[in-house]
Amino acid sequence: MTIGCETISARRVLFVMAVDAEYGPHLRARFTPLLTGVGPVEAALATGMALQELARQGALPDLVVCLGSAGSRLCPLGDIFQVASVSWRDMDASRLGFTKGVTPFIDHPVDLPLATPLALPLARLSTGANIVGGEDYAAINADMVDMETFAVARACARFNVPLMGLRGISDGPGELDHINSWTALLGLLDERLAAAVDLLPDALARAA
């Protein structure tokens, strides 16, 4: 596995994305990400392995940035949001008395707060292994949905590395009926996510 952190304002930054389809020419001009694959299992595995290798090299990042597309029926299509917090909609051990969304015997809140260094709108994100559409949104207590960020957050927590998230809204108001319902706006989101990434140098310099 080849893993490379970018140097931004003297900070090591690791960018994490799910798949190549979201990594368009505007983002390609700015960084090379760790591509994890789709879903929480792939994201946790790839991110955990990458951070373990970087720890072995004594080169853990100062910040991980997880970015890509998201679904929402509350947030406007094409807009970019900074992730205020992320939850895990698949985890439900409530029959044993645990709070829904909390992993048994692990001390984490339902909503994990993330770093928010940019002057961008904030939204709450829900991660799960299912594609959400239509009336499924009614059961989710969050503004946006994706399939990776919570898993990346858990891997980062294991290595005590801060995480921030950026998501562009690709779908959500209507029912998803084909993969084209997801990919139609990825070109626009590539451009707008790249503009958000361009805000990082000044934000990280101010935080130094």
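Modeller: One term to start with: a contact means heavy atoms within 4.5 Å. Among contacts in the protein between residues at least 6 apart in sequence, 73% join residues at least 24 apart.
Colleague: Thanks! What should I know about the source?
Modeller: This is a predicted model, where local features need pLDDT of at least 70, side-chain atom pairs count only at pLDDT 80 or more, and totals for chains, interfaces and linings use all residues. Residues are numbered from 1 along each chain as its sequence is written, and side-chain values use heavy atoms, with hydrogens and water left out.
Colleague: How many helices and strands are there in the protein?
Modeller: There are six helices and nine strands, taken as DSSP runs (helices H or I, at least four residues; strands E, at least two) and numbered from the N terminus.
Colleague: Let's take α2. What is its end-to-end span?
Modeller: The end C-alpha atoms of α2 (residues 40-56) are 24 Å apart, which agrees with the 24 Å that its 17 residues should span at 1.5 Å a residue. That expected span is 1.5 Å times one less than the number of residues.
Colleague: And which residues of α2 are buried?
Modeller: Pro40, Ala43, Ala46, Thr47, Gly48, Ala50, Leu51 and Leu54. Buried means under 20% relative accessible area, exposed is over 50%, and partly exposed lies in between (1.4 Å probe, protein chains only).
Colleague: What covers them?
Modeller: The cover includes β2 (11-17), β3 (34-35), β4 (63-71), β7 (122-127) and α3 (149-158).
Colleague: New topic: Arg167. Buried or exposed?
Modeller: Arg167 counts as buried because its relative accessibility is 2%. You'll find Arg167 in strand β9 (residues 163-171).
Colleague: What does its side chain make polar contacts with?
Modeller: The Arg167 side chain pairs with the side chain of Asp146 at 3.5 Å and with that of Thr149 at 3.3 Å. A polar contact is a pair of N or O atoms within 3.5 Å; within protein, one must be able to donate a hydrogen and the other to accept it, and residues adjacent in sequence count only if both atoms are side-chain atoms.
Colleague: Last one: which residues touch the most other members in the largest nonpolar core?
Modeller: Of its 31 residues, those are Leu14, Leu51, Val64, Val86, Met144, Val152 and Leu163. α3 gives the most to this core, with six residues. A nonpolar core is a set of buried Ala, Val, Leu, Ile, Met, Phe, Trp, Tyr and Cys residues joined through side-chain atoms within 4.5 Å.
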